[in-house]
Amino acid sequence: MTTPHILELCDLSVEFRQGRRTPPFRAVDGVSLTIGQGETVGLVGESGSGKSTIGRVVLGLSPVHSGQVLFDGADITRAGARTRRTLSSSLQVVFQDPYSSLNPARTIGQTLAEPLLVHEKLDRRQTAARIAAMLERVGMPADTANRYPGQFSGGQRQRIAIARALMLSPRLVICDEPVSALDLSIQAQVMNLLADLQRELSLSYLFIAHDLPVVRHLSQRIVVLYRGQIMESGPAAQVYAEPAHPYTRMLIAAVPEPDPAAQRGRRTPREADAPKPPAPTGCAFAHRCAHAVAICHAARPVLLPRAGGPDAGAAEHLTACHRSAELAA
Ligand SMILES: Nc1ncnc2c1ncn2[C@@H]1O[C@H](COP(=O)(O)OP(=O)(O)OP(=O)(O)O)[C@@H](O)[C@H]1O
């Protein structure tokens, strides 16, 4: 069965135990999102907002408390090891740290051959040809296969990690902060590579990042997460140009400036500096929000089409803010 969505998360919640006497910690709280074929969805939020946990749930690395995960229409919420093995050819990941994600004791050729050995019956010549073609595709020289990870820079290792993720022609790649550990100039090259590969191979990406501008150009849609809840979601250009939620505005304002003096002036409080968590009944962001009024502390806002602004009522631009109409005015 084919569906328009390669991935669908329905009211997903993830909880972690904190000991016998303390109630479990809800890291992901009622998240619903979809990714279409060939689409990139950018998932942004500060450290601890639950982005990686969502990625880990999709990969089967974190257990689900409630809700559903559908991959190409099939329920994989509690898929067993066998289904996961089969899924691994269509669902892959690129992690943040290209230093720890490649085995230093294996040549790049051995690392890239691994998924082929598990999933495809190829002879040595065919395997070598597939590896050479993939290395070329990610912009690495042909002799890369005979060398070890330690012989490459961070950016080159991330290209190799991308090659490994693509060896089996996946349909969805979870990109978990794939450029955050790289220098700014290298970040742009790796982002361009990911964009080129997406076009060539009709890949879908769930692109996880702290900074909204990092995901803005690559993503068709952006989902903004705070304390495990979606604060805003919508077309990337609209969310960036007309952010509806005070938290999204704060994220955009917090983007580092190249000029250190200007940056000092712009820096917003970090989550760690924020007052204690809000009452569970209210908006998760109310305790940090300059616009919060009584209702924000009393009732959790529902994710709805934004009520004001140039794209008011647009079904695809949603925000969970009691004051969205007033703030847009
Ligand atoms: N295995 C675990 N056990 C307990 N708590 C966890 C576990 N994994 C994640 N958490 C907690 O869940 C919350 C969300 O973590 P997560 O790593 O998903 O956030 P994130 O938005 O990806 O942050 P970062 O950008 O720093 O990776 C954090 O408070 C984290 O401490």
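Which residue in β7 is the bridge partner of glutamine 92?

1. The model discussed here is a predicted one. In answer to the opening question, glutamine 92 has valine 173 as its bridge partner in β7. The two strands concerned, β6 and β7 (residues 172-176), are paired in the parallel sense, and four bridges connect them. Helix α5 (residues 154-166) packs on the sheet here and touches both β6 and β7. The direction of α5 makes about 175° with that of β6.

2. The sheet to which these strands belong is open and has eight strands. Their order is β6-β7-β8-β3-β9-β10-β12-β11, and the pairing is mixed. At the edges stand β6 (91-94) and β11 (304-305). Each of these edge strands has a single partner strand, so one side of each has no neighbour in the sheet.

3. Helix α9 (residues 246-253) lies across β3 (40-44), β9 (221-226) and β10 (229-235). The angle at which α9 runs to β9 is about 100°.

4. A second open sheet has four strands, in the order β2-β1-β4-β5, with antiparallel pairing. Its edge strands are β2 and β5 (74-75), each of which pairs on one side only. Strand β1 (residues 5-16) is joined to β2 by eight bridges, and the two run antiparallel. Within this pair, leucine 12 stands opposite valine 31 of β2. Five bridges link β1 with β4, again in the antiparallel sense, and glutamate 8 stands opposite leucine 70 in β4. Strand β4 (residues 66-71) pairs with β5 over two bridges, also in the antiparallel sense. In β5, alanine 74 is the bridge partner of phenylalanine 71.

5. Two packed helices are described by the angle between their axes and the distance between those axes. Helix α5 and helix α6 (residues 184-201) have axes that come within 10 Å and cross at roughly 20°. Angles under 35 degrees count as roughly parallel, and α5 and α6 are therefore roughly parallel to each other. The crossing of α5 past α6 is right-handed. From α5, the residues in this contact are Gly154, Gly155, Gln158, Arg159, Ile162 and Leu166. They meet Ile186, Gln189, Val190, Leu193 and Leu197 of α6. By class, this contact has six nonpolar, four polar and one charged residues.

6. Helix α3 (residues 108-119) packs with helix α4 (residues 124-137) at an angle of about 115°, and their axes are 10 Å apart. That angle makes α3 roughly perpendicular to α4. The crossing of α3 and α4 is right-handed. On the α3 side, the contact is made by Gly109, Leu112, Ala113 and Leu116. On the α4 side, Thr127, Arg130, Ile131 and Met134 take part. The contact of α3 with α4 divides into five nonpolar, two polar and one charged residues.

7. The surroundings of the ligand complete the picture. Which residues surround the ligand? They are Phe16, Phe25, Ala27, Gly45, Ser47, Gly48, Ser49, Gly50, Lys51, Ser52, Thr53 and His210. The elements giving two or more residues to this shell are β2 (25-36) and α1 (51-58). The largest share of the shell, three residues, comes from α1. By class, the shell around the ligand has three nonpolar, eight polar and one charged residues.

Methods. Residues are numbered from 1 along each chain as its sequence is written. This is a predicted model: local features need pLDDT of at least 70, side-chain atom pairs count only at pLDDT 80 or more; totals for chains, interfaces and linings use all residues. A residue is near a molecule or strand if its C-beta atom, placed from the backbone, lies within 6 Å of it. Ala, Val, Leu, Ile, Met, Phe, Trp, Tyr, Cys and Pro count as nonpolar, Asp, Glu, Lys and Arg as charged, and the others, Gly among them, as polar. Two strands pair if DSSP finds at least two bridges between them. Two residues are in contact if their C-beta atoms, placed from the backbone, lie within 7 Å. Axes are lines fitted to C-alpha atoms, for helices over the stretch in contact, and angles run from 0 to 180 degrees between N-to-C directions. Angles under 35 degrees count as roughly parallel, over 145 as roughly antiparallel, 65 to 115 as roughly perpendicular and the rest as oblique. A crossing is left-handed if the near helix is turned anticlockwise from the far one by less than a right angle, and right-handed if clockwise.
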